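Please look over the sequence and the model before reading on. The paragraphs below go through the structure part by part.

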Amino acid sequence: MKLHTLEQNQLEALYKNIEETTQNFLGYPVSKDFDYSDLLPFLKFPLNNLGDPFGESTYRVDSRAMEREVVHFFAEQFRADPDNFWGYVTNGGSEGNLYGLYLARELYPKGMVYFSEATHYSVQKNITLLNMDFVKVRAQENGELDYQDLREAIGYNRHRPVIVIANIGTTMTEAKDNPARIASIIQDMAISGHYIHADAALAGGFAPFIDPRPIFDFQDGVDSISVSGHKFIGSPMPSGVVIVKKDNRDRIARNIAYIGSADATITGSRNGHSPLFLWYAIKKLGVEGFTQRTRHSLAVAAYTLKKLQTLGIDAWRNPNAITVVFPAPPVAIIDKWQLATENGQSHIICMPNVSFDQIDLLIQDLKETMIIPA
Ligand SMILES: *Cc1c(COP(=O)(O)O)cnc(C)c1O
């Protein structure tokens, strides 16, 4: 069977359109500098990583061996206890947040969830799905959680276990909440039972490779971390990785006879291709490659900030962030460069594929709109 000419034309038009729209793309955290053509032959197979990547399964058309390596890699980068971690490849950062919250709720059914107002919308949605109680805490000017406000909020609910979502890079300003500081507040208040989940959708892809290393991981007091695969690494389809403590997840997994595996994940059928893509990227890049990508992004961010400031634009960025924030420019610029804009603020995210030349072009555009005719 072949497509009719009409549909063939539709496909070609879509291809052209996508090719064009990916050109000027500075506002969203998606890397596009990848080449996975070696993996094309795998599109012939119905890969499905049903069940627990670390357990047995009777369905074997899968990439679970690669998935385990991906989980290993991130567990190591996030400094998880080598004898006490577990995880899987998700459909994205949002699913990782859902899994972290689900685990927290199973461990602490009476827990209260705290997160800042700068938190990604997936957290609020997931809390609603899980029917958990929550308190939204204030964020500081730079997007980081307001610790004093957190302390007070916990104080009102002293009798309940504490579940905190720490943002390791907020969506709008890439602010990092400090899990060590959060843990010490909880300890100070003598709370019995707590759980800290790190939402590191974007920054989890490069935080381990920044020097000095940011405070964000298992050694800093978190119990689980969610990272997106299609953001800093880049992948044709959305994906992510969630890493948790194995003893926590062992308390909630159930064995399902039909699939011959533990039903330990959120969805039943799971994408078997995305672990393969992540595995491929990790093997090709290695720690060296990740470090280089990180350095490039940080350098472009520093350059962007300087250029904007030179134009007299009130731009800023959080320490070691690849996101540069500035007052929203004219709509034509927002449209052309696809700049995410919220409450009068726009941002440029200096993903690894963003070049100095591209920034120069944007700066040129900004300069032209700033010339006011006499
Ligand atoms: C992008 C993002 C998410 C959601 O991740 P998806 O991979 O799109 O599901 C969650 N939190 C933050 C901070 C994000 O930037």
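A residue is called buried when its relative accessible area is under 20%, exposed when it is over 50%, and partly exposed in between (1.4 Å probe, protein chains only). Helices (H or I, at least four residues) and strands (E, at least two) are DSSP runs, numbered from the N terminus. This is a predicted model, in which local features need pLDDT of at least 70 and side-chain atom pairs count only at pLDDT 80 or more, while totals for chains, interfaces and linings use all residues. Residues are numbered from 1 along each chain as its sequence is written, and side-chain values use heavy atoms, with hydrogens and water left out.

Start with strand β4. For strand β4 (residues 162-167), 6 of the 6 residues are buried, so the strand is largely enclosed by the rest of the structure.

The next point is how β4 pairs with other strands. Strands of a sheet pair through backbone hydrogen bonds, either parallel or antiparallel. Two strands count as paired if DSSP finds at least two bridges between them. Strand β2 (residues 112-116) runs parallel to β4 and is joined to it by 3 bridges. Within this pair, V113 has I163 of β4 as its bridge partner. Strand β5 (residues 194-199) also runs parallel to β4, and 6 bridges join the two. Here V164 stands opposite I196 in β5. Between β4 and β5 the chain passes through helix α6 (residues 179-188), and this β-α-β crossover is right-handed. Right-handed means that, with the strands pointing away from the viewer, the path from the first strand over the helix to the second runs clockwise.

Now turn to the ligand. The residues around it (a heavy atom within 4 Å) include G92, G93, S94, N97, H120 and D199. A polar contact is a pair of N or O atoms within 3.5 Å; within protein, one must be able to donate a hydrogen and the other to accept it, and residues adjacent in sequence count only if both atoms are side-chain atoms. An oxygen atom of the ligand lies 2.7 Å from a backbone N or O atom of G93. For S94, an N or O atom in the side chain is 2.7 Å from an oxygen atom of the ligand. D199 has a polar side-chain atom 2.6 Å from a nitrogen atom of the ligand. The ligand taken alone exposes 380 Å², and the protein buries 85% of that; such areas come from the Shrake-Rupley method with a 1.4 Å probe, and for residues only the protein chains shown count as cover.

N97 sits in helix α3 (residues 93-107). Its side chain makes a polar contact of 2.8 Å with the side chain of H197 and another of 3.2 Å with that of D199.

Elsewhere, an open sheet of 3 strands has the order β10-β12-β11, with antiparallel pairing. β10 (323-327) and β11 (341-342) are at the edges with a single partner strand each, so one side of each has no neighbour in the sheet. β11 pairs with strand β12 (residues 345-349) over 2 bridges, and T341 stands opposite S346 in β12.

At 58% relative accessibility, R295 counts as exposed.
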